[in-house]
Amino acid sequence: MVRVGIIGAGELGSTMARTLAEKYSVTVSRREIEKVRDLKERGVILTTDNREVAQRSDVVFVAVKPSKVIEVLRKVGDVLRGKLLISVAAAIPLRRLKEAIGGERVVRAMPNIAVMVRAGFTAYTASDNLAEEDIKLTEQLLSEFGICMRVEEELMDAVTALSGSGPAYVATLIEAMAYAGLKVGLPREFAYKSSAYTVFGSAKLYLETGLHPAVIKEMVLTPAGTTIEGIFHLEESGIRTA
């Protein structure tokens, strides 16, 4: 069995641990270990020692704040050397990750918060010389959280802004739609659920049929109908440029 380590059991790290613990041996570290005691019930090994995580694991995720990544990795680099490292911290390039641990088996990934329900989208990029078996293992692990796709590193910052931050944009859209429902008298729970399921269903329709979003939009539009009226209001609001 592959042994997985997670340095930094914050919101994202602990979520990944809960998911991966169903199939893998998982060890996680966090300074405030009491906040993730529930992980122990799932078979996760808890520690406050990052080096212990690295020693116990074949693959190590680093999920600390971006400002702390290099500092943390330098302290465990000698233990990580030769092991597969997957960073889920924003904006830290492969070059700096490799320098910090003095190794080449490095992956940079950007998941989003939907990993909590195994519906996340994770883009990743890898060292040029990473072995094919490491790529397969990376995708095997990241796929536990939802969908993963490999991209060139030069696109990772754009990915961070789009899909990494994206759930916040979509949540704002759902909230705005629900507010519109409340304005015309819909009950609160109905307004939120109908808005959320509309977003969910529209995304599912695109993903499963491959229809371009413009085509889906045209399927709903009728001359002088309510939908085209709503589209004009959206376009006037500057939603595309926003």
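A residue is buried when its relative accessible area is under 20%, exposed when it is over 50%, and partly exposed in between, using a 1.4 Å probe and protein chains only. At 8% relative accessibility, Thr47 counts as buried.

The structure is a predicted model: local features need pLDDT of at least 70, side-chain atom pairs count only at pLDDT 80 or more, and totals for chains, interfaces and linings use all residues. Residues are numbered from 1 along each chain as its sequence is written, and side-chain values use heavy atoms, with hydrogens and water left out.

**Thr47 and its surroundings**

- Thr47 sits in strand β3, residues 45-47. Strands (E, at least two residues) and helices (H or I, at least four) are DSSP runs, numbered from the N terminus.
- The Thr47 side chain makes a polar contact with the side chain of Glu52, at 2.8 Å. A polar contact is a pair of N or O atoms within 3.5 Å; within protein, one must be able to donate a hydrogen and the other to accept it, and residues adjacent in sequence count only if both atoms are side-chain atoms.
- Neighbours within four places in sequence aside, Thr47 is in contact with Thr27, Val28, Ser29, Arg30, Ile33, Glu52 and Val53. Contact means heavy atoms within 4.5 Å.

**Strand β1 and its partners**

- Strand β1 covers residues 3-7, and four of its five residues are buried.
- β1 runs parallel to strand β2 (residues 25-29), and five bridges join them. Two strands pair if DSSP finds at least two bridges between them.
- Opposite Val4 stands Val26 in β2.
- β1 also runs parallel to strand β4 (residues 59-62), joined by four bridges.
- Gly5 stands opposite Val60 in β4.
- Together, β1, helix α1 (residues 11-20) and β2 make a right-handed β-α-β unit. Right-handed means that, with the strands pointing away from the viewer, the path from the first strand over the helix to the second runs clockwise.

**Two alanines with positive phi**

- Most residues other than glycine have a negative phi.
- Ala91 is not a glycine, yet its phi is positive, about 70°. Ala91 lies in the loop between β5 (84-87) and α4 (94-101).
- Ala91 counts as exposed because its relative accessibility is 52%.
- Ala224 also has a positive phi, near 60°. Its place is in the loop between α9 (213-220) and α10 (226-236).
- Ala224 counts as exposed because its relative accessibility is 84%.
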